[in-house]
Amino acid sequence: MPRQPLWVEEAATRRRMPDPVRRAAVRAVIIASLTLIQAMVAFLASLTGSWLAFPMVLSSVGSTVVATWSVLDVWVTRQVWNQRNGVVSVPSSSARRLRRARRRARRAARTAERDAARIRRREAGRRLSRA
């Protein structure tokens, strides 16, 4: 009986994030986690009545603003990356169908135009030979 492997590698379903976006996301996660730790310390210090409670609460408010800014930075960095480098898009089957129909119509129009031009040239040649 052949042994089955412990895991089977599958292709990634999502593309890897671009480096600038990943850097911004890591920065945002670190800032957000430090803000949560700081808020917890401020909460516990205020429960114990420590002198550290007031400065910690003030700095937690500031850290919350910075954490919000860092999350917005991830979003903005992602948008800028998409604008500069383009988004890889896969057209849907309906878009493909419409493009094919337009292509067929253009080909038919070009063929009809060529046939009409050929007929005009042929008729013009007959008129010249009779004269």
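Predicted model: local features only at pLDDT ≥ 70, side-chain atom pairs only at ≥ 80, totals over all residues.
## Overall make-up

The chain has 131 residues, and 13% of them are buried. Its secondary structure consists of 3 helices and 0 strands. Read from the N terminus, the order of elements is α-α-α.

The accessible surface of the chain is about 11800 Å². Carbon and sulfur atoms account for 62% of that surface. Contacts can also be sorted by separation along the sequence. Take the contacts between residues at least 6 apart: 60% of these join residues at least 24 apart.

## Helix α1

Helix α1 covers residues 19–48, which is 30 residues. Its first and last C-alpha atoms lie 44 Å apart. That is close to the 44 Å expected at 1.5 Å a residue.

Several residues of α1 are buried. They are Val 21, Ala 24, Ala 25, Ala 28, Thr 35, Gln 38, Ala 42 and Ala 45. Helix α2, residues 53–85, is part of what covers them. After α1 comes Gly 49, which has a positive phi, near 75°.

## Helix α2

Helix α2 contains 33 residues, so at 1.5 Å a residue it should span 48 Å. Its end C-alpha atoms are 47 Å apart, in agreement with that figure.

The buried set in α2 is Ala 53, Met 56, Ser 60, Ser 63, Ala 67, Ser 70, Val 74 and Thr 77. These buried residues pack against α1. Gly 86 follows α2, and its phi is positive, near 80°.

## How α1 and α2 pack

The axes of α1 and α2 are 8 Å apart, and the packing angle is about 165°. Angles over 145 degrees count as roughly antiparallel, so α1 is roughly antiparallel to α2. The crossing of α1 past α2 is left-handed.

The burial pattern can be read from both sides of this pair. On the α1 side, the cover over the buried residues includes α2. On the α2 side, the buried residues pack against α1.

Ser 70 sits in helix α2. Its relative accessible area is 7%. The cut-off for buried is under 20%, so Ser 70 counts as buried. Leaving out residues up to four places away in sequence, Ser 70 touches Ala 28 and Ile 31.

With a relative accessible area of 40%, Val 57 is partly exposed. Val 57 lies 17 residues from Met 40 in sequence. In space, their C-alpha atoms are 9.7 Å apart.

Ala 32 is a residue of helix α1. Its relative accessibility is 28%, so Ala 32 counts as partly exposed. Ala 32 and Ser 63 are separated by 31 residues in sequence and by 8.3 Å in space, C-alpha to C-alpha. Ser 63 is one of the buried residues of α2.

## Summary

The chain is built from 3 helices, with 0 strands. Helices α1 and α2 run roughly antiparallel, with a left-handed crossing and axes 8 Å apart. Gly 49 follows α1, and Gly 86 follows α2; the phi of Gly 49 is positive, and so is that of Gly 86.

Definitions and conventions. Residues numbered from 1 in each chain as written. Heavy atoms only, no water. Helix = DSSP H or I, 4+ residues; strand = E, 2+ residues; numbered from the N terminus. Expected span 1.5 Å × (residues − 1). Buried < 20%, exposed > 50% of the residue type's maximum accessible area, 1.4 Å probe, protein only. Contact = heavy atoms within 4.5 Å. Areas by Shrake-Rupley, 256 points an atom, 1.4 Å probe, with all protein chains shown as cover. Axes fitted to C-alpha atoms, helices over the stretch in contact; angles between N-to-C directions. Parallel < 35°, antiparallel > 145°, perpendicular 65-115°, else oblique. Left-handed = near helix turned anticlockwise from the far one by under 90°.
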